[in-house]
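User: I am new to reading protein models and would like to work through this one step by step. Could you show it to me, and then take my questions in turn?

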Amino acid sequence: SGLRVLETQGAIGLPHIPEYATNNGHLFFILCQNIEVRTHLINYLNGQGINAVFHYLPLHKSPYYAAKHGGRGLPNTDKFADTLLRLPLFYTLTDSEQQYIIENVLAFFRQ
């Protein structure tokens, strides 16, 4: 992956698929260090014409379910809700569009 260098540097996390599993390839995500980095990266990519979005809204924090939730901490849910960023992935995504996305993610972390 063209983003592996950022994972090696500790800037992002990339998806890892264990040997025993398969990937249905319906989305591609990265994990940012925190919500602030993710927010700035989303804004930067959107400014470059790249539709990057966050993915998860914790159910236990929704207005409907908050009163039904027992109140226990769900740190993994909160972590992924704050750090997971979806990059564009769709059937007609060209190699040059993929490279443009990669180059812009790299550019964001170089600044």
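User: In what order do the elements of the protein run from the N terminus on?

Analyst: This is a predicted model, and the protein in it holds five helices and three strands. Read from the N terminus on, these elements follow one another in the order α-β-α-β-α-α-β-α.

User: How many residues does the protein have, and what percentage of them count as buried?

Analyst: The C-alpha atoms of the protein fill a box of roughly 45 × 35 × 30 Å, taken along the principal axes. A residue counts as buried when its relative accessible area is under 20%. By that cut-off, of the 111 residues of the protein, the buried share is 32%.

User: Which residue in S3 is the bridge partner of leucine 31?

Analyst: S1 and strand S3 (residues 84–87) run antiparallel and are joined by four bridges. Within this pairing, the partner of leucine 31 in S3 is leucine 84.

User: And which residue in S3 is the bridge partner of valine 53?

Analyst: On this side of the sheet S2 pairs with S3, again in the antiparallel sense, and the pairing extends over two bridges. The residue of S3 that forms a bridge with valine 53 is arginine 86.

User: Is leucine 85 buried or exposed?

Analyst: Leucine 85 lies in strand S3. Because its relative accessibility is 0%, leucine 85 counts as buried.

User: Why does cysteine 32 count as buried?

Analyst: Cysteine 32 lies in the loop between S1 and helix H2 (35–47). Not counting residues up to four places away in sequence, cysteine 32 touches Ala11, Val37, Arg38, Leu41, Thr83 and Leu85. Cysteine 32 counts as buried because its relative accessible area is 6%.

User: How far apart in space are cysteine 32 and aspartate 82, C-alpha to C-alpha?

Analyst: Along the sequence, cysteine 32 and aspartate 82 are 50 residues apart. In space, C-alpha to C-alpha, the distance between cysteine 32 and aspartate 82 is 8.3 Å.

User: Is glutamine 33 buried or exposed?

Analyst: Glutamine 33 is found in the loop between S1 and H2. Not counting residues up to four places away in sequence, glutamine 33 touches Gly10, Ala11 and Thr83. Since a relative accessible area over 50% counts as exposed, and glutamine 33 has 52%, this residue is exposed.

User: What share of the contacts between residues at least 6 apart in sequence join residues at least 24 apart?

Analyst: A contact here means heavy atoms within 4.5 Å. Among contacts in the protein between residues at least 6 apart in sequence, the share that joins residues at least 24 apart is 62%.

User: What is the volume of the largest pocket?

Analyst: The lining of the largest pocket is made by Pro15, Ile17, Asn23, Asn24, Gly25, His26, Leu27, Phe28, Phe29 and Leu89. These lining residues divide into six nonpolar, four polar and no charged. The volume of this pocket is about 250 Å³.

How values were computed: Residues numbered from 1 in each chain as written. Predicted model: local features only at pLDDT ≥ 70, side-chain atom pairs only at ≥ 80, totals over all residues. Heavy atoms only, no water. 1 Å grid on protein atoms, 1.4 Å probe; cavity = no way out; pocket = protein on both sides within 12 Å on 5 of 7 lines; lining within 4 Å. Points joined across faces, edges and corners; volume = space filled by probe spheres on them. Nonpolar A, V, L, I, M, F, W, Y, C, P; charged D, E, K, R; others polar. Pairing = 2+ DSSP bridges. Buried < 20%, exposed > 50% of the residue type's maximum accessible area, 1.4 Å probe, protein only.
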